[in-house]
Amino acid sequence: MVPRRGLEVALTDDTWPVVRPVIERFEGRTAERTAGAFLIDGQPAESYTLGQDYFFVLGDSRDDSADSRTWGLVPCDHVIGKAVVVFFSCDAAASSSRCERTGKTVSPCR
């Protein structure tokens with residue numbers, strides 16, 4: 001799932017831990033889980049449509065990074081820098097570097 005503006009996310013027990021903080025912190029709405037329903041601004045809802053673009057951010061030390069796995073999605077307007085070049089790329093499965101990617105420019109999104 002690419003968390004983008006206009007994406008409709010089904011509200012389930014699986015998606016709620018990810019979607020609720022986004023709805024409350026960045027979309028400015030209230031979100032509540034009751035015994036029988038999900039409530040957005042006090043109204044029952046089965047889904048929520050994102051109002052802006054988000055990123056899932058990963059740290060450069062997969063096993064020891066505080067990143068979106070810790071603090072959730074990041075709104076696009078919170079990003080203050082951009083990636084421009086691949087500094088280093090590693091293939092963990094093969095335990096080797098991917099030299100052909102080093103120094104390559106990163107394609108801009110949108």
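Reader: Where does Ala 31 sit?
Author: Ala 31 is in strand E2, residues 31-33. Strands (E, at least two residues) and helices (H or I, at least four) are DSSP runs, numbered from the N terminus. This is a predicted model: local features need pLDDT of at least 70, side-chain atom pairs count only at pLDDT 80 or more, and totals for chains, interfaces and linings use all residues. Residues are numbered from 1 along each chain as its sequence is written, and side-chain values use heavy atoms, with hydrogens and water left out.

Reader: Is Ala 31 buried or exposed?
Author: Ala 31 counts as buried because its relative accessibility is 5%. Buried means under 20% relative accessible area, exposed over 50%, partly exposed in between (1.4 Å probe, protein chains only).

Reader: What does Ala 31 touch?
Author: Leaving out residues up to four places away in sequence, Ala 31 touches Trp 16, Arg 20, Ile 23, Glu 24, Leu 39 and Ile 40. Contact means heavy atoms within 4.5 Å.

Reader: And how far is Ala 31 from Arg 62?
Author: C-alpha to C-alpha, they are 31 Å apart in space. In sequence they are 31 residues apart.

Reader: Switching to the core. Which residues in the largest nonpolar core touch the most other members?
Author: Leu 11, Trp 16, Ile 23, Ile 40, Tyr 48, Leu 50 and Tyr 54, out of 16 residues in that core. Such a core is a set of buried Ala, Val, Leu, Ile, Met, Phe, Trp, Tyr and Cys residues joined through side-chain atoms within 4.5 Å.

Reader: Which elements give two or more residues to this core?
Author: Helix H1 (16-26) and strand E3 (38-40). H1 gives the most, with five residues.

Reader: Leu 11 was on your list. What does Leu 11 touch?
Author: Not counting residues up to four places away in sequence, Leu 11 touches Trp 16, Val 19, Phe 38, Ile 40, Ala 45, Glu 46, Ser 47 and Tyr 48.

Reader: Now the sheet. What is the strand order?
Author: The order is E2-E3-E4, three strands in an open sheet with antiparallel pairing. Two strands pair if DSSP finds at least two bridges between them.

Reader: How many bridges join E3 to E4?
Author: Three, and the two strands run antiparallel. Ile 40 has Gln 43 in E4 as its bridge partner.

Reader: Where does H1 pack?
Author: H1 packs on the sheet, touching E2 and E3. Its direction makes about 150° with that of E2. Axes are lines fitted to C-alpha atoms, for helices over the stretch in contact, and angles run from 0 to 180 degrees between N-to-C directions.

Reader: What about the loop between E2 and E3?
Author: Ala 37 is in that loop. Ala 37 counts as partly exposed because its relative accessibility is 22%.

Reader: Zooming out, how many helices and strands are in the protein chain?
Author: Two helices and nine strands. Along the sequence the pattern is β-α-β-β-β-β-β-α-β-β-β.

Reader: What does the C-alpha trace span?
Author: About 55 × 30 × 20 Å along its principal axes.

Reader: How much of the chain is buried?
Author: Buried residues make up 25% of the 110 residues.
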